[in-house]
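This note is intended for a colleague who is opening the structure for the first time. Please keep the sequence and the coordinates at hand while going through the points below.

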Amino acid sequence: MKPDLTAMTAFLAGDAQADRLVPPTGFTARLTIFAAAAMAFLTVFAMALSLATGRLADRWGDELARASTLRISAPMDQRAAQTAAALRVLETTPGVAAARALSEDEQRALLEPWFGPDLPVASLPIPQLIEVIEDDAGYDAAGLRLRLAAEVPGAVLDDHTRWRRPLVTAADRLRLLGWLSIGLIGAATAAMITMAAQAALAANAQVIAVLRLVGARDAYIAGAFVRRFTLRALSGAALGTVLGMLAVLLLPSAQAEAGFLTGLGFQGWHWVWPLIIPILGAAVAYAATWQAAHRTLKELS
Amino acid sequence: MSYGGGELFGDISLTLSPGSFHFLTGPSGAGKTTFLKLCYGALLPTAGHIRLFGADLRTMSRDDVALARRRIGVVHQDVQFLEHLPVADNVALPLIVSGHDRNSEAENLRELLKWVGLSHRADALPAELSGGERQRAALARAVIMSPEVILADEPTGNIDWEMSQRLLQLLVELNRMGKTIMIATHDMNLIRAAKSQVQARVLRISQRRLQTAGADL
């Protein structure tokens, strides 16, 4: 199994004469193609899940880590003054890149999923939120809390770590499960192809015996089977991958409201990833059939 | 050589010299087929040595055995073909598996089929052939690579006298071309018929020994 390119091309181009030596089998061929297609289809989703949760974990881990929220809970008449004071403090805090009080519209948008549209935010005792963006170095949260406590009594700093950490852990775990699923799907594919190949080899025992008798080398006999199963797995997996990618493409795209669900799918160059599934499928089939053929041939004289 | 627990042969020593013609005879179950299988490397001896074209069978790899078989034509008792391919392809099988270009050998194949009298059956499937036709197709397949040795196991077992005469004729012709021939048979008439045409030696397996049979045959 050397990754020799010319050998690979010759292998795929095939030997028409060698192909004819093994009788064609319509039904098992279709089963193999179906199994490969189904497995590729599932792999596309496992891959989409892994990549999407990977993206979420990265985003929560990175983007949100650099953002924090300051909540000003003060009586209505003091809110504007305390907000201005807090912004002054933040402007002079080293490590804070930007600080901005959310507008009424933005606050309303945040509450909309819970209270519906047209909430009269202004007339409600809703705390004012200030979005704080850190620079790369980050700020000293403890120091900032002390200063705020002194100058803006109604301010509460939330640096997101409290709820961010379990989410990142969950996303990481999901990503791991996704890759584990892909591994399991690959192993199951190998098992199925091995069984199909074993069945084909057993069914063609007489053919193999005749070929051995007339001086065919093991590699030649195995090649006839290996090529067949590799091509079946390749075509099946290609079909399954295309269908899987279409299904992912046609997933209803969740807007910003859906938060967590956003982007279960592929983004940008990640669309290249599923394209390796047929190649992986073919490689798995190649290895599995090669193993099965050599095991079977060794037992023959 | 032991088989199924008991020793089948012992103290056998034989060298087939190029161009010789041997008959192998003996009662059923004496081990004629086993002996032939040893001769083309389908079985390994439990003791002793077998040399194919000078190489010890025990030290030969599976590929070495495959290559040696291209120099040995085998006609089996129950001839097996690739049943889904026509006779012409089956006869050309040794060429195909050894990577020869079939088209350049097309003339060769046509002549060979004519020689065994199967030209008109070239496109038939093996299942459509009669017993005699199958044996002759098997002989054609055995010789298409122009092997140095031809081993035939009861080649006339299932066919009538006239047909077996014809098959024998083909084997005698091959021997005259310099091929080494070994035929396992218990058909004494066949042996007598052959002896009138070629210098044939008769080997007999009995009581686990290989003996040169007397001239009384």
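1. B:Glu133 is buried, with a relative accessible area of 12%; buried stands for under 20% relative accessible area, exposed for over 50%, and partly exposed for what lies in between, computed with a 1.4 Å probe on protein chains only. B:Glu133 forms a salt bridge with B:Arg121, and the closest N and O atoms are 3.4 Å apart. A salt bridge is taken as a side-chain nitrogen of Lys or Arg within 4 Å of a carboxyl oxygen of Asp or Glu. Since B:Glu133 sits in helix α6 (residues 131-143) of chain B and B:Arg121 in the loop between α5 and α6 of chain B, the pair ties together parts that are twelve residues apart in sequence. B:Arg121 is partly exposed, at 21% relative accessible area.

2. **Basis of the values.** This is a predicted model, in which local features need pLDDT of at least 70 and side-chain atom pairs count only at pLDDT 80 or more, while totals for chains, interfaces and linings use all residues. Residues are numbered from 1 along each chain as its sequence is written, chains are lettered from A and ligands numbered from 1 in the order in which they are written, and side-chain values use heavy atoms, with hydrogens and water left out.

3. **Layout of chain A.** The secondary structure of chain A amounts to ten helices and four strands, where helices (H or I, at least four residues) and strands (E, at least two) are DSSP runs numbered from the N terminus. Along the sequence, the pattern of chain A reads α-α-α-β-α-β-α-β-α-β-α-α-α-α. Chain A is divided into domain 1 (5-61 + 165-298) and domain 2 (74-153), with bounds that come from an automatic or database domain assignment. The centres of domain 1 and domain 2 of chain A, taken over C-alpha atoms, are separated by 52 Å.

4. **Burial and contacts in chain A.** Of the 301 residues in chain A, 40% are buried. Among the contacts in chain A with a separation of 6 or more, 84% are between residues 24 or more positions apart; contact means heavy atoms within 4.5 Å.

5. **Extent of the interface.** How many residues of each chain are in contact? Chain A contributes 23 residues, in contact with 26 residues of chain B. The area buried between chain A and chain B is about 2200 Å², and carbon and sulfur atoms give 56% of this area. Buried area is the accessible area (1.4 Å probe) that two parts lose on being put together, summed over both. In chain A, the residues that lose the most area to chain B are A:Arg20, A:Leu213 and A:Val214, together 29% of what that side buries.

6. **Polar links across the interface.** Ten residue pairs (both at pLDDT 80 or more) are in polar contact between chain A and chain B. A polar contact is a pair of N or O atoms within 3.5 Å; within protein, one must be able to donate a hydrogen and the other to accept it, and residues adjacent in sequence count only if both atoms are side-chain atoms. There are three salt bridges between chain A and chain B. One of them joins A:Asp218 to B:Arg62, with the closest N and O atoms 2.4 Å apart. A:Arg217 likewise forms a salt bridge with B:Asp63, at 3.5 Å between the closest N and O atoms. This pair crosses between chains, from the loop between α8 and α9 of chain A to helix α2 (residues 62-69) of chain B. A:Arg217 is partly exposed at 34%, and B:Asp63 is partly exposed at 28%.

7. **A salt-bridge network in chain A.** The structure holds twelve salt bridges over all chains. A:Arg100, A:Glu106 and A:Glu131 are linked in a network of salt bridges. Within it, A:Arg100 and A:Glu106 have their closest N and O atoms 3.1 Å apart. A:Arg100 is partly exposed at 36% relative accessibility, as is A:Glu106 at 30%.

8. **A buried serine in chain B.** B:Ser98 is found in the loop between α4 (93-97) and α5 (106-115) of chain B. Is B:Ser98 buried or exposed? B:Ser98 is buried, at 17% relative accessible area. The side chain of B:Ser98 reaches the backbone oxygen of B:Leu95 at 3.2 Å, and a polar contact of 2.9 Å joins the side chains of B:Ser98 and B:His100. Leaving aside residues up to four places away in sequence, B:Ser98 touches B:Arg70 and B:Met145.
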